[in-house]
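Subject: Handing over the structure

Hello,

Here is the structure I promised to pass on to you. Have a look at it first, and then read on for what I found.

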Amino acid sequence: MAKENLLSKVYNAEEIQQLLGIGRSKTYDFLDEVNKKQTPFRVIKIGRIYRVPKDSFDRCFLFFVFCFLPSYIKNLKSARMLFMKEARGITGQKFCRRIIA
């Protein structure tokens with residue numbers, strides 16, 4: 001029961017991969033990069049296993065979708081790629097930092 005409660009509060013790498021619609025190696029590269037900065041959402045790495053707290057990721061991703069999706073994005077794949085660029089700080093990273101803080 002405790003394990004189920006813990007797992008329901010975090011995403012694993014496969015779930016992040018499905019949410020963003022990207023490949024396995026790109027997912028791990030992305031999570032490793034976010035883990036080093038801990039921005040725009042938290043990433044927990046234990047050995048080779050990544051866990052992402054759902055509240056941290058969901059706040060950032062949903063904020064991004066509601067703010068940027070209506071006016072700039074035409075399809076879901078573009079939204080995912082733009083989210084990854086924003087999260088990496090390529091086009092600006094303050095939008096999620098304000099929500100998470």
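Below is a short tour, from the overall layout down to single residues.

Please keep in mind that this is a predicted model.

**The overall layout**

The protein has 101 residues, and 33% of them are buried. Its secondary structure comes to 6 helices and 3 strands. If you follow the chain from the N terminus, the elements come in the order α-β-α-α-β-β-α-α-α. Take the contacts between residues at least 6 apart in sequence: 54% of these join residues at least 24 apart. The accessible surface is about 6600 Å², and carbon and sulfur atoms account for 55% of that area.

**The nonpolar core**

In soluble globular proteins, nonpolar side chains tend to be buried together. Here, the largest nonpolar core has 18 residues. Leu20, Leu31, Phe41, Val52, Phe57 and Phe83 are the ones with the most contacts inside this core. Which elements give two or more residues to it? They are helix H2 (13-20), H3, strand S3 (49-53), H4 and helix H5 (76-88). H4 gives the most, with 4 residues.

**The salt bridges**

Side chains of opposite charge can pair when their charged atoms come close. How many salt bridges does a search of the whole structure find? It finds 2.

One joins the side chains of Lys36 and Asp32, with 3.5 Å from N to O. Both residues belong to helix H3 (residues 24-37), and because they are 4 residues apart there, about one helical turn separates them. Lys36 has a relative accessible area of 67%, so Lys36 counts as exposed. Asp32 is partly exposed, at 23% relative accessibility.

The other joins the side chains of Asp55 and Arg59, with 3.8 Å from N to O. This pair sits in helix H4, and again the spacing is 4 residues, which means about one helical turn between Asp55 and Arg59. Asp55 is partly exposed, with a relative accessible area of 49%. Arg59 is partly exposed too, at 37% relative accessibility.

Helix H4 covers residues 54-72, and Ser56 is one of its residues. Is Ser56 buried or exposed? Its relative accessibility is 3%, so Ser56 counts as buried. A polar atom of the Ser56 side chain lies 2.9 Å from the backbone nitrogen of Arg42.

Asp58 is in helix H4 as well. At 27% relative accessibility, Asp58 counts as partly exposed. What does Asp58 touch once its neighbours within four places in sequence are left aside? Asp58 is then in contact with Tyr11 and Phe63.

**Where to look first**

Enjoy exploring, and write back whenever you like.

Best wishes

Terms used
Residues numbered from 1 in each chain as written. Predicted model: local features only at pLDDT ≥ 70, side-chain atom pairs only at ≥ 80, totals over all residues. Heavy atoms only, no water. Buried < 20%, exposed > 50% of the residue type's maximum accessible area, 1.4 Å probe, protein only. Polar contact = N/O pair within 3.5 Å; in protein donor to acceptor, adjacent residues only side chain to side chain. Salt bridge = Lys/Arg side-chain N within 4 Å of Asp/Glu carboxyl O. Core = buried A, V, L, I, M, F, W, Y, C linked by side-chain atoms within 4.5 Å. Contact = heavy atoms within 4.5 Å. Areas by Shrake-Rupley, 256 points an atom, 1.4 Å probe, with all protein chains shown as cover.
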